[in-house]
Amino acid sequence: MKNSLSITPDLFAGDLPAPWVEPIVDDAVVLRHFALEQEEVLLAAIVSIAAQAPFRNMQTPGGHTMSVAMTCCGEWGWVTDSSGYRYQSTDPDSGLPWPAMPKVFRDLAVGAATEAGYRGFEPDACLINRYRPGAKMGLHQDKDEKDFSQPIVSVSLGIPATFQLGGARRRDRPVNTTLTSGDVVVWGQSARMNYHGVLRLKSGQHPLTGDLRYNLTFRRAR
Ligand code: MD3
Ligand code: FE
């Protein structure tokens, strides 16, 4: 895997360390530091999106409030409430369409998918998760998208988190991986339906986000 990838060295010239590739399980790869040079521009875009569609702690269908706050951009946004999980084209809090997906988001996601061997990925949804210390995301599968042959690309920003990647069944023992700011993960094929989650966030400080962690997940919803 490592040698089949060709991350352009020029893009990462200067005094930042070059990105590198780490497989987690079959068909799930971490592109370490892939987004490091774009941290500031990505965070500025998150601030602008959140000015139009503020972060909110949504309700699960079971009536629990999620500890992770979320907002979305792109054609489709993922929402949850008492009637279930779904993608919709408008923000339920405002009734307005979700903010457009910034080009830097789309280009980063397409570039990462390409590096991981997925051609033709064109995300129509970006879910933005915001974790404060103490927030977590329990083991779950992402199955609200239409076409499971499309990968999911995730970008981590801010303080580190322990990401858990299980298997196709809830009982499969998860592998833990620390995701730090600028890390990008691409999941497809046999890993697409794997259970995954994020352990309770420990407190920390990041120069750009303070005590927060953001995660962008790029999906093809429809
Ligand atoms: C593995 N977010 O938003 S991103 C989610 O860090 C979600 O906020 C986590 O799980 C976070 O649904 C993890 C990584 C991720 C996303 C989708 C996956 C891992 C995945 C789909 C299949 C397998
Ligand atoms: Fe998920």
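Me: Is H196 buried or exposed?
Reply: H196 is buried, at a relative accessible area of 14%. Buried stands for under 20% relative accessible area, exposed for over 50%, and partly exposed for what lies in between (1.4 Å probe, protein chains only).

Me: What are we looking at, and how is it numbered?
Reply: This is a predicted model, in which local features need pLDDT of at least 70 and side-chain atom pairs count only at pLDDT 80 or more, while totals for chains, interfaces and linings use all residues. Residues are numbered from 1 along each chain as its sequence is written, chains are lettered from A and ligands numbered from 1 in the order in which they are written, and side-chain values use heavy atoms, without hydrogens and water.

Me: Which residues coordinate the iron ion (ligand 2)?
Reply: H140 (NE2), D142 (OD) and H196 (NE2) do, at 2.0 to 2.2 Å. Donors are N, O and S atoms within 2.8 Å of the metal (3.2 Å for Na, K and Ca); water is not among the atoms, so the site may look incomplete.

Me: Where do D142 and H196 sit in the chain?
Reply: D142 is in the loop between β7 (137–140) and β8, and H196 is in strand β12 (residues 196–198), 54 residues apart. Strands (E, at least two residues) are DSSP runs, numbered from the N terminus. D142 is also buried, at 9%.

Me: Changing topic, which strand pairs with β13 over 7 bridges?
Reply: Strand β6 (residues 125–131) does, in the antiparallel sense; two strands pair if DSSP finds at least two bridges between them. N129 stands opposite N215 there.

Me: How many residues of β13 are buried?
Reply: In β13 (residues 213–219), 7 of 7 are buried.

Conventions:
Helices (H or I, at least four residues) and strands (E, at least two) are DSSP runs, numbered from the N terminus.
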